[in-house]
Amino acid sequence: PRAAAERAVDHSPADGGQSTLISLLLACSARIALVDPPDSRSSRLPAPDGDLAVRPARRLTLLRGGGADGWEQIGARPVSIDEERVFAGRAFPMTLSPLLSGRTTLTEWAAEHRETLLQLVRENGAVLLRGFGGMETPQGFSDFVMGLRLEEFGMGCSAAPRTEVAPGVFTANEAPPQEKIPFHHEMAQCEDKPAFLFFYCEFPAQTGGATPIIPSNAVATHLREAHPAVAQRLAARGIRYARTLPAQDDPLSPIGKSWRTSFNTDTRQGAEAAMAAAGTTWRWHGNGDLYTETKQMPALVVDGRSGKEMFYNAVIAAITGWEDGRNDPLKAIRYGDGEELDGEAVAALLETGEWMAAHRVAFAWQSGDVLIIDNQAAMHSRETFTPPRRILASLWGEALRRPEGRAEPERQSSR
């Protein structure tokens, strides 16, 4: 690794050193693995086309490991936390802390090392930033995410009730604290999905309140091994999501966002136009509620960047958590052809949910923590908690590409 690192330095490009630094961190890693593409019958997630695009299957994958010289260049280092687990030979999540506390704020550090940070998120699925300091308010969190120069992403399709507290920053799901939110990929039931999720802990709960995470590839692998027939049916037939949206926001439900808020309209005509454009079918109830059923969507997909199969959906959340006075969770998922899930599939998915709960990473939040999730590679959930608790969320698209020799235009959040 040291010889490779020296070669990387000797051949540094004229791009401000970012490519060299990433190469150095890759070379200094103690372990390097090759990944092979799984069963090609799964759907595919496209690789990003921004300035962080990487090659698909059989690429070198960055893993946790040595290389002090590389970490010194970015002023941070990987540390272990008690709750981390090892998946496919690497610790999850990667946790970064500053080499010298108080020297710079997290916002300044992240802006300076933006490309390296986002690449580490891509390579590890989730990165926890702990101990940096300098970000005590929602506006500070907003400045941090804005400084990473990512594509803006709207909150419209999210099923969760949320409140915007700063540009690009929202409360996390405002469901009651006694409601557990099961594992899911953010907005997997939507046509457009965010690329990155950011969570910021303003202050943790008295008890509970973790945001558990798990690599999606590990879940897909378990389903394939434990329930191969069900996995094959889901991969071949896809799924549909069924949900009834209330006429007005329901803060007592984890899926209580109204159709008015979801489609940003006060009229049925506006909602119907949005649903028709997305391929969603619908039925109005007499009380103004709206039953919706999505078009056929994938349940298992291959990540175009890594070649790994992902359990890229919100199925577990739907069949175990989409429950309120309007919705029965066991009716929330159908096969993509419209047929109801068979008993074997329901049992397999429930068992997979139990496996996920047993293998999740649920670290205790600390004030000032920031968790960044690659939404294509990792799933997240929320545990019950004793309030007060304040976790803020921010959803973004891919990294923006800076035109050669030109500055990026100034942007204002429209969310």
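Visitor: Which residue's side chain meets that of Arg-122 in a salt bridge?
Guide: The partner is Asp-374, with 2.7 Å from N to O. A salt bridge here is a side-chain nitrogen of Lys or Arg within 4 Å of a carboxyl oxygen of Asp or Glu. This is a predicted model, in which local features need pLDDT of at least 70 and side-chain atom pairs count only at pLDDT 80 or more, while totals for chains, interfaces and linings use all residues. Residues are numbered from 1 along each chain as its sequence is written, and side-chain values use heavy atoms, with hydrogens and water left out.

Visitor: Is Arg-122 buried or exposed? And Asp-374, buried or exposed?
Guide: Arg-122 is buried, at a relative accessible area of 9%, and Asp-374 is buried as well, at 0%. Buried means under 20% relative accessible area, exposed over 50%, and partly exposed in between (1.4 Å probe, protein chains only).

Visitor: Which residues are linked with Arg-122 in a network of salt bridges?
Guide: The network links Arg-122 with Asp-303, Arg-305, Asp-374 and Glu-398. Within it, Asp-303 and Arg-305 form a salt bridge whose closest N and O atoms are 2.5 Å apart. Both Asp-303 and Arg-305 are buried.

Visitor: How many salt bridges does a search of the whole structure find?
Guide: The search finds 17. One of the salt bridges joins Arg-334 and Glu-293, with the closest N and O atoms 3.9 Å apart. Arg-334 lies in strand β21 (residues 333-335) and Glu-293 in strand β18 (residues 290-293), 41 residues apart. Arg-334 counts as partly exposed at 23% relative accessibility, whereas Glu-293 is buried at 14%.

Visitor: Changing topic: how many residues of strand β7 are buried?
Guide: Five of the five residues of β7 (residues 94-98) are buried. Met-94, Leu-96 and Pro-98 lie on one side, and Thr-95 and Ser-97 on the other.

Visitor: Which strands are joined to β7 by bridges?
Guide: Strand β4 (residues 76-79) is joined to β7 by four bridges and runs antiparallel. Strand β8 (residues 126-129) is joined to β7 by three bridges and runs parallel. Pro-78 has Leu-96 as its bridge partner in β7, while Met-94 stands opposite Val-127 in β8. Two strands count as paired if DSSP finds at least two bridges between them. In general, strands of a sheet pair through backbone hydrogen bonds, either parallel or antiparallel.

Visitor: What does Ser-97 touch?
Guide: Leaving out residues up to four places away in sequence, Ser-97 touches Ala-76, Arg-77, Val-79, Arg-130 and Phe-132, where contact means heavy atoms within 4.5 Å. The C-alpha atoms of Ser-97 and Arg-130 are separated by 5.3 Å, although the two are 33 residues apart along the chain. A polar atom of the Ser-97 side chain lies 2.9 Å from the backbone oxygen of Arg-130. Ser-97 is buried, with a relative accessible area of 12%.

Visitor: In what order do the three strands of the open sheet come?
Guide: The order is β12-β23-β15, with antiparallel pairing. The edge strands are β12 (181-184) and β15 (213-215), each of which pairs on one side only. Strand β12 pairs with β23 (residues 378-382) over two bridges, and His-184 has His-380 as its bridge partner in β23.

Visitor: Which helix lies across β15 and β23?
Guide: Helix α7 (residues 216-226) lies across them, at about 65 degrees to β15. Axes are lines fitted to C-alpha atoms, for helices over the stretch in contact, and angles run from 0 to 180 degrees between N-to-C directions.

Visitor: And the largest nonpolar core: which residues have the most contacts inside it?
Guide: They are Tyr-241, Phe-311 and Leu-371, in a core of 59 residues. Another core lies apart from it, with 32 residues, among them Val-121, Val-127, Ala-195 and Ala-399. A nonpolar core is a set of buried Ala, Val, Leu, Ile, Met, Phe, Trp, Tyr and Cys residues joined through side-chain atoms within 4.5 Å.

Technical notes
A polar contact is a pair of N or O atoms within 3.5 Å; within protein, one must be able to donate a hydrogen and the other to accept it, and residues adjacent in sequence count only if both atoms are side-chain atoms.
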